[in-house]
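Here is a quick look at two interfaces, one inside a chain and one between chains. Have the model open while you read.

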Amino acid sequence: MKIGENLINKVKEKIAISDVYRQPEDQITITVDRNDLPEAVRILYYDLGGWLSSMVPNDERQINGNYTLYYILSMEGGKMTPDDEIVKEDKCWITVKTYIPANDPTYPSVTLKVPAAVWYEREAFDMFGLTAVGLPDPRRLMVSDDWPEGLFPLRKDSMDYRHRPNPVDHKDEPEHEFIKPEGAGVLDVPLGPLHITSDEPGHFRLYCDGDTIIDADYRLFYQHRGMEKLAENRMNYDQMGYLAERVCGICGYAHSIACIEAAEKAIGLEIPLRAQAMRVICLEIERLHSHLLNIGLACEVTGNVNAFMHIFRIREFSMELAQLVTGGRKTYGNVVVGGLRRDMTGNEIKQSLKILETIETQTNEVWDAVMDDKNQIKRWKGVGILDKQVARDFSAVGPNVRGSGFKRDSRYDHPYDFLTQLDFDIPTEDGCDVFARETVRYKELLQSVSIIRQCFEMMPGGLTVIKPQTLIKPQAFAIGNDEAPRGENIHWIMHGNAQKVYRWRCRAATYNNWPSLRYQFRGNTIADAALIVCSLDPCYSCTERVTVVDVKSNKSKILTHKDLKRYSQSLKNHPLKNL
Amino acid sequence: MKLLDMANKYGKATYNYPFQPYVVAENFRGKPSYIYENCIGCTACGVACPSNAINVKLNEDKTKLVWEFDAARCIFCGRCDEVCPTGAVVLSQEFELAVKFDKNNLKEKGELDVEYCEVCNKPFTTKRLISYNLHRLEKAGWNKETLDKKVHYIRTCPDCKRKHKVEVITQYLKRGTK
Ligand code: SF4
Ligand code: SF4
């Protein structure tokens, strides 16, 4: 029996499936009627143990006269309990596809049944004008508040990308509506427009009763760069990999790999073993680099600048490692369709192994010292609880979900290529708090070191790149996945004509973590707000301002980056005292 | 306390940059350096560059082919290095790209003489490319005589070549039908 066949049969019992398409073996696309869509996704999500990995709206009017929606589910088991997991051989991707006629662009909302779909459905309206009927939160998400009504940028015929709508004067810009809890005397704390830990744009609004946050809302996407549109219009695959890399300054390499993987999988292209191993090495270097950054920042926001400095000292080694492997201090500019651009010499491997040794011993040393610091642990423990059920409902990814006890990792659930030959653990913690997440990161660091070492030891010979003769098949599509430091990245590519891409959907890890952040804020103090956002390790560019509102007096105050950071570090002189 | 001990143990982690130069890895990918003498103006690098950092185009009065590189756009991928047939662009170890006051300081330029088509007199390639090709053909074992015969053909732009071919074929066809 083919992979996932029994899952499909179970869906078939209740819902009519009109078409099953496999590309490649473990990626199955089933087509259902649009009225059956919510139920089909619900069955796969809750009954059969799927997680919503991405949703791709697509304008296929040129191909078949319809819009289409693809709900991509990662079938790996619910994982609420240890035996609640699908066996390794049966893990697969199931995509639920549905057609939406061009003259009636509506579909029943899946969010009512599967909360994880909320952001995706909001985005589908912003970008394509496809309305989810019954969607509880139909506000704008991706496009700015002054974007003209009825202009949907990702429709193929919407606009010439060289011309943008004229910007609206700042004073005429509509206010964004925030969801507000009911009740007397909620304090409105604006956090932003710059984020406190990573100096990136994003507007948070915390609703507080005194010092306690009772609810939160946020407005992101101040920096939507329209990359997907750019790629569709004028890029070839050579350029696209490099463009995908620019999604993020830290986990960019993971994006380019996922993007190129998707393009390769759609045509069934196998890359040389040596390139596979080197791709894994680079991904793990990126993890070292990113986790060290985040643990460092989590110390810094709580005022432990000493530890921060030490961790950043170690982080420098990871950049040296990247320099040896790829020739740049970041792992960028390396991936091409069919393999990798640059090979390593034996001498470089030897030097790299030495650096790995240093990173491992010094990380252990610093982590031990941090663990000895009771004040530090006190700030981390019990803060920013991500409840198990919330994590399950919103399909959280990365250390965020692993800190809540789920063994979810793209390398473990959907390994491909060289990853299948490696031996590694996926660390999880049950604390659900900031402490658990940072511990997961620390343990993963050690795993990464071991993975890189194994790769170097097993390093296969041969070329690092093949020259593919025919590159693309129009309309072939596939998913590319990998585990970025923050969680699973999903790219979905549909080939077009003339060596170009027809639709590229890039879903960064943080995108899946944002909707649940609101629940993590509740019940914590303002001093911890910065820390909670930090432990999520958000990435604003790949997805993207804080107002504090007092529920009792109904007054609000905007906190500056400095105020909040200062208070979070010193816990003295409450910034809202004189409100 | 442990952390402070550690600071003593590992000593200074920073150094006196820029007074003490930073040593990069052997195969570091830095700013592409351009060796004007080697460039034949084949435009391969311009086509390969994913970020359009390299532009190769004719100047306004069509007398020179201008090779232009903008370091601000470069992503140091090394595609140009890979495709250049003569090794005229090579990634260097240079990474200090900050410039003062003028963005144009990031740009690098090279001008090459153009070659005009022997038939229509339009500029179509560079003098260097022609002599490079002739040189290659000579090396490949072509003798002087055949070369002299073909030189005219080599000095014709692709458009004129195509027209010429079409003429030859139509003539051939006409003859064939007679
Ligand atoms: S290194 Fe890459 S981006 Fe820079 S000039 Fe060469 S091809 Fe262009
Ligand atoms: S630098 Fe090299 S590739 Fe670029 S135009 Fe000159 S010879 Fe051609």
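How many residues of domain 1 of chain B are in contact with domain 2 of chain B? The count is 15 residues of domain 1 of chain B against seven of domain 2 of chain B, with contact taken as heavy atoms within 4.5 Å.

This is a predicted model, where local features need pLDDT of at least 70, side-chain atom pairs count only at pLDDT 80 or more, and totals for chains, interfaces and linings use all residues. Residues are numbered from 1 along each chain as its sequence is written, chains are lettered from A and ligands numbered from 1 in the order written, and side-chain values use heavy atoms, leaving out hydrogens and water.

The two domains of chain B span 1-114 and 117-178, with bounds from an automatic or database domain assignment. Here are both interfaces, with buried area being the accessible area (1.4 Å probe) that two parts lose on being put together, summed over both:

| Interface | Buried area | Carbon and sulfur share |
|---|---|---|
| Domain 1 of chain B and domain 2 of chain B | about 860 Å² | 63% |
| Chain A and chain B | about 2200 Å² | 50% |

On the chain A side, Gln323(A), Arg341(A) and Glu365(A) supply 23% of the area buried against chain B, more than any other three residues. Glu365(A) also pairs with Lys9(B) in a salt bridge (2.6 Å, N to O); the rule there is a side-chain nitrogen of Lys or Arg within 4 Å of a carboxyl oxygen of Asp or Glu. Chain A and chain B have two salt bridges between them, while the count between the two domains of chain B is zero.
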